[in-house]
Amino acid sequence: MMADQAPPLEATPLLNEVSLLPHMVSGDSIQQVILVQVNPGETFTITTEDGHIQCIRGPAHVPMMSPNGSMPPIFVPPGYVSQVVEENGVRRVVVVPHSGEFHPSMHPPPPLPPHMPHYMHHPHALLPPPPHPVFPAVPSTGELPPQFMHQHPPPHVFQEQEPRSHGRTNFIQRDERSLKTQEHLKKRLKDRQSSGHTNNKLNSPPSSPHKVANSSNATIPNGNGKGQQGAVGALKQKQIGKTKGSPEAEMGESDTEPRKCDTHLSIGKPVVSDVQARSAVLSWNLPVSSQNGESHSHSPAAFTFEVAISNSGKNGKFKSVYVGEELTITLPDLRPATDYHARVSATSSSIKETISELVSFTTESCEPDCPAAPKLINRTKNSLSLQWKSSNDNGSKITNFLLEWDEGKNGPFKECYYGHLKQYKLTRLTPSTRYSLRLAAKNDIGMSGFSETVTFGTARVVPPAPAPPVLLEAGVTWMALGWSPPAGGALDDSLTYSLDMEEEGSGYGFQPQYNGDELSCTLRNLRRNTSYKFRLFAYNSEGKSSPSEVVEHSTKPDRPGAPSKPVVKGKIHPHSVRVTWEPPKDNGGSDISKYFLEISEASVGGKWEPIYSGAQREHVCDHLRPGTSYRLRVSCASKGGESQASDVTTVTTAAVPPEPCPAPALVGKAKPKEITLQWGPPAVDGGSDITEYLLEMASSEQDERRVVYQGPAAEFGVTNLLPGRTYCFWLRAGNRVGFGPHSEKAELCTAPGPPEQCCKPLITCKSATCAVVSWESPACNGAEITEYRLDWGQVEGSMHVIYTGPCQSYEVKGLTPATTYYCRVQAVNVAGVGLFGDMGVVTMPPSVPAAVTVLHLLEEDQMEISPPFSTCLAIQWEEPCCHGAEITGYNIEYGEKQLVTVGRNTTHVLKNLLPDTLYRIRVQAINSFGVGPFSHSMKAKTKPLPPDPPHLECVVFSYQSLKLKWGEGPSRALIPNPTQFNLQMEDRFGRFVTVYNGPCHTYKVQRLSESTTYRFRIQAYNNAGEGAFSEVCAFTTTKSPPAHLKAPKAIQLEENTFEITWEPLQPMKGDSIVYILQLAAGREFDQVYKGPEPWFRLLATQTNCEYRVRICAGRQCHDLPGCPELYGPYSPSTVFCCQRREPGPTAALAGTELAQSGKRLREERAIAIALLCGFALVAILFAVVIQYFVIK
């Protein structure tokens, strides 16, 4: 239907797709089938046989059956008219607006009205599709009627293309071949229509891009043309749901079940833009769903789109190229100048798939495809004939071909042919040369790419004479020869080679030995040390070359045979032997140039060592060992190599006395009187085993030697020697021939012994505390004395070493006067420690006393009578050693070298000292010999004087407390303070008791009575002691203000009169009480009453105004000058409002309000008690739970 007509009728849900059976379209049937095309967005309503109303929403094609072949009555909406149009034998009913124009070739037929009582929807529409497609007769105008085959899309209507940018005309005017093909196709379509065949099958569009336009000759741009609705579009049918038992429903169960949902989904025709030669842009809109006549839009994420294209016609095979959620894609890899058909299908999870109409477009033309490489059809020595085939022209005819070559130089390509022919002959070429070629095609649009590069070679010539073969390697019976290709020949020429050989003196001339394409060969089974002549030929397809120059090469000679066994010539000496031998029987074809004589000891594992090399056949083997067996063998060498060794000859030299032995060596450590010697056999035993050894000894080299041992052993211990002495030893070895010479001299020393016992030391006293001890050196027993040890002590049995060293005297210092000491000396050398000498005794003379070692300060608790430590220091010390004379007194030095002499007492009190002063004190003892040394210095400090009492004052007065302050300092002890304070207060009995003791400078005395005088005193003390008390200070507490009152009560007596009452207070210690009442109508309070009465009658001036009142009590102090008043805090505010009231008894109203206030008070108390009980119960339960589950 047309796009500008009125909205469609109310639609019901569609049924599944339906297909038309073949006999329904056949022209031979008595009944006539009428096709109703429903456009997108329109609804077609029919009445089924069972009386149900079925609505079909477009796009759809509905087949209707007419029993008598007449057109059914069409009921159209108001403002529309129906017209019957017959085109090419097909009648169509078109619904158009009353005033609009109708063009059969431009607009689709309208839907049928909702009521068609005489025409039924064909019951076979719900059956499965037929196995083979059947099409109606095709009109001659090129418009194809619709088909109803489920598996085949409708035929494509090809439209004219827009003019190309490069000046091309429309496809209809392109070339004569396309026009003839199109005329032939039209004729075939007319013949099929006139003959009335029912089984004609539409062919797919031809491969040429020229297509026939619509009969109306309307040109439509690519991808944007609607086409004719009667012949274009996907023929999918939707069927309205039916009730059970209807014929249509029963037939439809074999195909697909009716959809239960009444939602209809439609997608618009896609749009093609930006069409290029190998790509195009395809876009489409989101599908629109309708439910009960209402359209709904969806988000892109709710659908999955699939794009399929075909280049073999509308009925051809479609290929899926994209699946996704985008609304615009680019179709790549398209073929140029090719007709394509595209469709879009949308899929959702809840709605059945829908397919759009087909859109057709033709890709642009472009340059041709790359042609195939040219082929060689003939070649000569100077020419190459080439031929090639045309490639795909991609919509524009190929006009020329470009052939390029490298001129046989493997360089850049150059043009050798440009034209429209498909073959070419290259002439004036070089024989046996390879040329590389490539081909490109050109049309009106541009030049294609080049084909693959191919290489062809011209015919070859006979190769030139090769170089003579060279000898790579030669053996005794073989030779390896090599050669190179002929110079000047083609590099790619396939050559074979023939090698001829002539043996010297054979008389047979040159004989072929090798024929092949290798550049080397090995000739075998030749004679040794023989000369051969060679020449070489080269072959190719054109013939045989001239022979190379003749060269001569020889094989190598063979190895000679082994010489005869060497024999001894003459007498065998201890160190030499003469041997001779005969030449080999086979010299290997060449003279013997050298002989090699080798020798080896006959012992197992002896290595062969060459001892002679020369042309002589006799040699003297010298430098041999006597009595040793040797093996001899000989070999020879010639040009052919070295022969094998001859048989072995064994020779034993004569024996001699052994050579000198090594000097005997010391075994272990030498002892003072014994030495153990050990020796080994001589390096050369003279060819006979060693049978015995002879050991000789002497005190020196000039003394007479004496034999101390003779025997076969290799070790002997010499005894009865002196310690620390040097002895000389010689050794001789003997065999069956006799004794050999003496060995080298071995000088060995016996071990030294410990020194002898020292003599009694000599002691000389230098002073009362110093003595010099000296001694003589004893015999060292063969080892030098290294040190002496001096034992010293006051008790003979308990001494210790006080000196160790090489000196023979020692000065002992720090001795105690008038004391007896014992000493002895011991000598030490490397051999050990000697015995101690005799004991020496000395007694030191008396002297002054020793220094006092213990000096300390006495504390207060260590003295019976404690002196004032601010001016006194008590010291004590221990009596030192008197050094042989009794101590008579002590000197005490303190301060600035002040000296005090006391008797034999060991305690003393220094008096008249300065307080808080540091002193250095030391003590020395006195006897008849003089004054002893001072003791170590001791530092002691006198204590400071006790502090004075501070000034006491009261800084804060209150009726219950007094805050006292004394001195200067913090109110709290923030840092350690050495000064403490003792604050005392007088009680009612007149005694002072301590109320505070500490380092703070303030203290607040609490729980006092009002208007009462209290007496205080203070004392300061520190490490020096307690100071004096201050004077007694008296301070009086103030009077207390009245107590805090409760909120006043307001009782309305009259309309503007209120009585304010409050709880009265008792007089305080004879002082009367006054009250102040304040009233506030806004934010500020104003005083309205002051007096002793506990009530006040207030007159309100404003009606319906909120007032607040509060009360405070004041104390009139009559005993103070001026009778000042002390006021307590204000009570909470009471709020009341002045309202109009009905006349009535005021007393009853006041009683009612009092009763209500009392009742409220009782209720509040009950609620408070209940809450308190509840909280207590919850606390008990929590305690039980924690006790049971957590603790246990």
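Val272 stands opposite Leu282 in S10. This is a predicted model, in which local features need pLDDT of at least 70, side-chain atom pairs count only at pLDDT 80 or more, and totals for chains, interfaces and linings use all residues. Residues are numbered from 1 along each chain as its sequence is written, and side-chain values use heavy atoms, with hydrogens and water left out.

User: How many bridges join S9 to strand S10?
Analyst: Happy to look! Strands here are DSSP runs (E, at least two residues; numbered from the N terminus), and two strands pair if DSSP finds at least two bridges between them. S9 and S10 (residues 280-283) run antiparallel, and the number of bridges joining them is three.

User: Is Ser643 buried or exposed?
Analyst: Ser643 lies in the loop between strand S40 (641-642) and strand S41 (649-652). Buried means under 20% relative accessible area, exposed over 50%, and partly exposed in between (1.4 Å probe, protein chains only). Ser643 has 7% relative accessibility, so this residue counts as buried.

User: Which residues does Ser767 touch, not counting those up to four places away in sequence?
Analyst: Good one! Ser767 is in strand S49 (residues 762-767), and its C-alpha atom is separated by 7.9 Å from that of Met844, 77 residues apart along the chain. Contact means heavy atoms within 4.5 Å. With that cut-off, Ser767 touches Met844 and Pro845.

How values were computed:
Helices (H or I, at least four residues) and strands (E, at least two) are DSSP runs, numbered from the N terminus.
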